[in-house]
Amino acid sequence: MPFSNSAISERVNAFSKRLHLIPVCTLLMGLLALTSCGHPTHFSRSDFDGKLQCAPYAREKTGVALRGRASSWWTQARGRYARTQRPSKNALLVFRSTSRIPSGHISIVRKIVSSRKILVEHANWEPGAIDKNVPVIDISKRNNWSLVRVYWKPIHRMGTGRYATYGFILPN
C-alpha cells in the first residue's frame with residue numbers, strides 16, 4: 001500500500017533524527033568500501049607470486065635482454081644499455097628492492113606528461129593484472145626520479161606509498 005506524502009515525510013524526518021547516532025567512522029568506512037568497487041585494496045605478498053610478473057612482461061614488450069629480479073636489472077644493464085635519471089618513451093623505470101616490493105619492479109614509460117609525471121605500462125603492480133596509462137609522479141627533492149608515487153587502481157587515485165627507484169634503462 002503506497003504511503004502518503006506526509007507519511008513519507010514523517011519517516012524521513014524520523015530517520016534523519018536517528019542518523020546522527022551513527023558514528024562518523026562507520027559512514028566513512030562504508031564510503032571507502034564503495035570506492036574500491038569490489039576490488040581489494042590490500043593484498044598479501046603471495047598474491048604477487050602468480051604467473052604474470054613485471055620483468056618478463058617488460059622483456060617481452062621491449063626486447064631488453066635482461067633476466068632475474070627486477071631490481072637487479074639496473075646493475076645488469078651497466079655497459080649493455082644506456083641508463084639515465086630522465087624518463088623517455090619506452091624506457092624502463094627500475095624500482096629498488098624494498099620490504100614492500102622485495103624483487104623490485106619494472107615499468108615501461110609510454111608517455112611523458114610533464115617533468116614530474118609519466119604514464120607507464122606494467123604487469124603485476126595490481127596482482128595478476130596488466131595496467132596501461134598508469135600515472136607515476138616524481139616526488140624526489142632533486143627532480144631526479146629517485147622517489148616516486150604510483151597510481152593505485154583499486155582506490156582510483158595516486159597511492160600513498162613512496163617507492164625508491166634507480167632510474168631508467170633505455171632499450172636499444
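Colleague: What makes Phe 95, Trp 125 and Tyr 163 one aromatic cluster?

Modeller: This is a predicted model, and the cluster of Phe 95, Trp 125 and Tyr 163 rests on ring pairs. Rings pair if their centres lie within 6.5 Å. Phe 95 and Tyr 163 are 6.3 Å apart, centre to centre. For Trp 125 and Tyr 163 the distance between centres is 4.9 Å. The whole structure holds 5 aromatic pairs.

Colleague: Why is the pair of Trp 125 and Tyr 163 called edge-to-face?

Modeller: Planes over 60 degrees apart count as edge-to-face. The planes of Trp 125 and Tyr 163 stand at 70 degrees, so the pair is edge-to-face. Phe 95 and Tyr 163 also have 70 degrees between their planes and form an edge-to-face pair.

Colleague: Why does the pair of Phe 95 and Tyr 163 tie together parts apart in sequence?

Modeller: Phe 95 belongs to strand β2 (residues 92-95) and Tyr 163 to strand β8 (residues 163-170), so the pair links parts 68 residues apart in sequence. Trp 125 sits in the loop between β4 and β5, so its pair with Tyr 163 in strand β8 ties together parts 38 residues apart. As for burial, Phe 95 and Tyr 163 are both buried, and Trp 125 is buried as well.

Colleague: What makes the link between the side chains of His 122 and Ser 107 a polar contact?

Modeller: The cut-off for a pair of N or O atoms is 3.5 Å. The side chains of His 122 and Ser 107 are joined at 2.9 Å, which is within it. Beyond four places in sequence, His 122 also touches other residues, including Tyr 57, Ile 130 and Val 150.

Colleague: How do you know that β4 pairs with β3 and β5?

Modeller: Pairing needs at least two bridges. Strand β3 (residues 105-114) and β4 have 5 bridges in the antiparallel sense, with Ile 112 opposite Ile 118. The hairpin that joins β3 to β4 runs through 2 residues. β4 and β5 run antiparallel with 6 bridges, and Val 120 stands opposite Val 134.

Technical notes
Residues are numbered from 1 along each chain as its sequence is written. This is a predicted model: local features need pLDDT of at least 70, side-chain atom pairs count only at pLDDT 80 or more; totals for chains, interfaces and linings use all residues. Side-chain values use heavy atoms; hydrogens and water are left out. A polar contact is a pair of N or O atoms within 3.5 Å; within protein, one must be able to donate a hydrogen and the other to accept it, and residues adjacent in sequence count only if both atoms are side-chain atoms. Contact means heavy atoms within 4.5 Å. Rings of Phe, Tyr and Trp (its six-membered ring) pair if their centres lie within 6.5 Å; planes under 30 degrees apart count as stacked, over 60 as edge-to-face and the rest as tilted. Helices (H or I, at least four residues) and strands (E, at least two) are DSSP runs, numbered from the N terminus. Buried means under 20% relative accessible area, exposed over 50%, partly exposed in between (1.4 Å probe, protein chains only).
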